[in-house]
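Hello,

Here is the structure I promised to pass on. Please have a look at it first, then read my notes below.

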Amino acid sequence: MPKVGFDDFADSLGTTSEDISRKCGHIINGVDFDYEIIDGDSRDHVILEVLMKIEADRQTIGAKERQETWNNGWGENLKDFIDSGYDLKMLVPRFIKPNKIMRYKQNYIRSVNKDFEFNYYNVFREWIFMTYFKDFRNIYEFGCGTGFNLVALSKLYPDKNLYGTDFVQSSVDLVNKIGQAHNLRLKGNIFDMINPTESFKIQENSLIFTIGSIEQLAGKFEDFLQYLLRNRPGLCVHSEPIIELYDNDNLLDYLAVKFHQKRGYTQGFLSRLQELEKEGRIEIIKVKRLFFGNLFMDGYNLLVWRILK
């Protein structure tokens with residue numbers, strides 16, 4: 001049975017095995033990353049399941065009613081966090097579901113470990129935190145949800161100033177409660193990425209990051225992008241679904257594109273950054289498809305850029 005090891009993570013992230021071992025070896029060595037590739041009739045069954053999901057799906061990203069959905073969802077996490085005596089395990093977002101079938105290297109795979117996706121994500125998150133975040137004093141996550149990424153970041157860098165923003169109050173309340181309960185340098189703020197608040201300023205020596213939040217803007221990212229260009233953070237790091245990275249000649253990628261489009265996730269963000277790079281306004285440092293995701297799409301890709309002087 002194949003297993004995702006140091007070389008595989010290095011290939012996924014575009015680095016070396018030595019780098020992966022140094023930064024993430026403690027996670028990889030403690031997790032079962034065995035899997036099997038699904039083929040034959042079983043693969044056909046998975047494809048049918050995906051097709052039926054695409055056809056039946058009625059969720060519309062960016063719809064007005066989604067704000068209430070997010071507010072209620074993060075509100076449930078807030079209640080669970082308080083009721084548990086401020087247990088940080090209650091912060092894992094509900095959309096990260098235990099699942100034994102995922103996408104990996106343009107195949108469907110079945111894992112032995114039901115938390116395979118969450119563990120893979122932990123390796124990826126640890127690596128980007130250690131690779132890009134260490135030289136910045138202030139870190140901002142836009143679209144922070146439950147704040148669980150910021151909590152992980154605080155364990156690596158307890159002396160950094162961490163800011164979590166979201167467009168619903170329950171998320172902000174949760175982030176502030178986490179900071180108070182665990183004595184972290186963490187503060188939550190209301191911020192609508194579609195309608196940026198100009199009074200909210202990014203400090204000097206800052207990095208901003210998003211994880212799965214630009215996807216939720218339904219393509220309405222231009223005002224947020226212009227906000228970043230005006231506020232000039234030192235570095236911008238994104239982990240997002242990027243439709244431009246799929247291969248339309250590959251069946252699984254073709255299905256992922258259809259799912260991406262049916263939901264209405266953001267398209268064109270990478271292309272817009274490439275335009276800004278041609279204009280000499282920014283430098284794109286890294287674009288990397290991880291070739292990993294859930295049953296329906298590759299939700300984890302890496303995009304790093306900076307504003308030029």
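Below is what I found, from the whole protein down to single residues.

Keep in mind that this is a predicted model.

**Overall**

The protein has 10 helices and 11 strands. Its radius of gyration is 19 Å, close to the 19 Å that the globule rule gives for 309 residues, so the protein is as compact as a globular protein of that length. The C-alpha trace spans about 55 × 50 × 45 Å along its principal axes.

Buried residues make up 52% of the 309. Now take the contacts between residues at least 6 apart in sequence: 73% of them join residues at least 24 apart.

The accessible surface is about 14,200 Å². Carbon and sulfur atoms account for 48% of that surface. As for charge, there are 40 positive and 44 negative side chains. The centres of these two sets lie 4 Å apart.

Start with helix 9, residues 251-263. At 1.5 Å a residue, its 13 residues should span 18 Å. Its end C-alpha atoms are 19 Å apart, which agrees. Its buried residues are Leu252, Asp253, Leu255, Ala256, Val257, Phe259, His260 and Arg263. They pack against helix 3 (40-56), strand 2 (101-104), strand 3 (107-111) and strand 9 (282-289).

Helix 2, residues 17-28, is another story. A straight helix of 12 residues would span 16 Å at 1.5 Å a residue. Helix 2 spans only 12 Å between its end C-alpha atoms. Its buried residues are Ser17, Asp19, Ile20, Lys23, Cys24, Gly25, Ile27 and Ile28. Helix 1 (6-13) and helix 5 (116-132) are among the elements that cover them.

**Two loop residues**

Which backbone angle stands out at Tyr86? Its phi, near 70°, is positive in a residue other than glycine. Tyr86 sits in the loop between helix 4 (65-83) and strand 2. Buried means under 20% relative accessible area and exposed means over 50%. Tyr86 has 34% relative accessibility, so it counts as partly exposed.

Arg232 also has a positive phi, about 55°, although it is not a glycine. Its loop runs between helix 8 (222-231) and strand 8 (235-239). With a relative accessible area of 42%, Arg232 is partly exposed.

Best wishes

Definitions and conventions:
Residues numbered from 1 in each chain as written. Predicted model: local features only at pLDDT ≥ 70, side-chain atom pairs only at ≥ 80, totals over all residues. Heavy atoms only, no water. Helix = DSSP H or I, 4+ residues; strand = E, 2+ residues; numbered from the N terminus. Rg over C-alpha atoms; globule rule 2.2 N^0.38 Å. Buried < 20%, exposed > 50% of the residue type's maximum accessible area, 1.4 Å probe, protein only. Contact = heavy atoms within 4.5 Å. Areas by Shrake-Rupley, 256 points an atom, 1.4 Å probe, with all protein chains shown as cover. Lys, Arg positive; Asp, Glu negative; His and termini not counted. Charge placed at Lys NZ, Arg CZ, Asp CG, Glu CD. Expected span 1.5 Å × (residues − 1).
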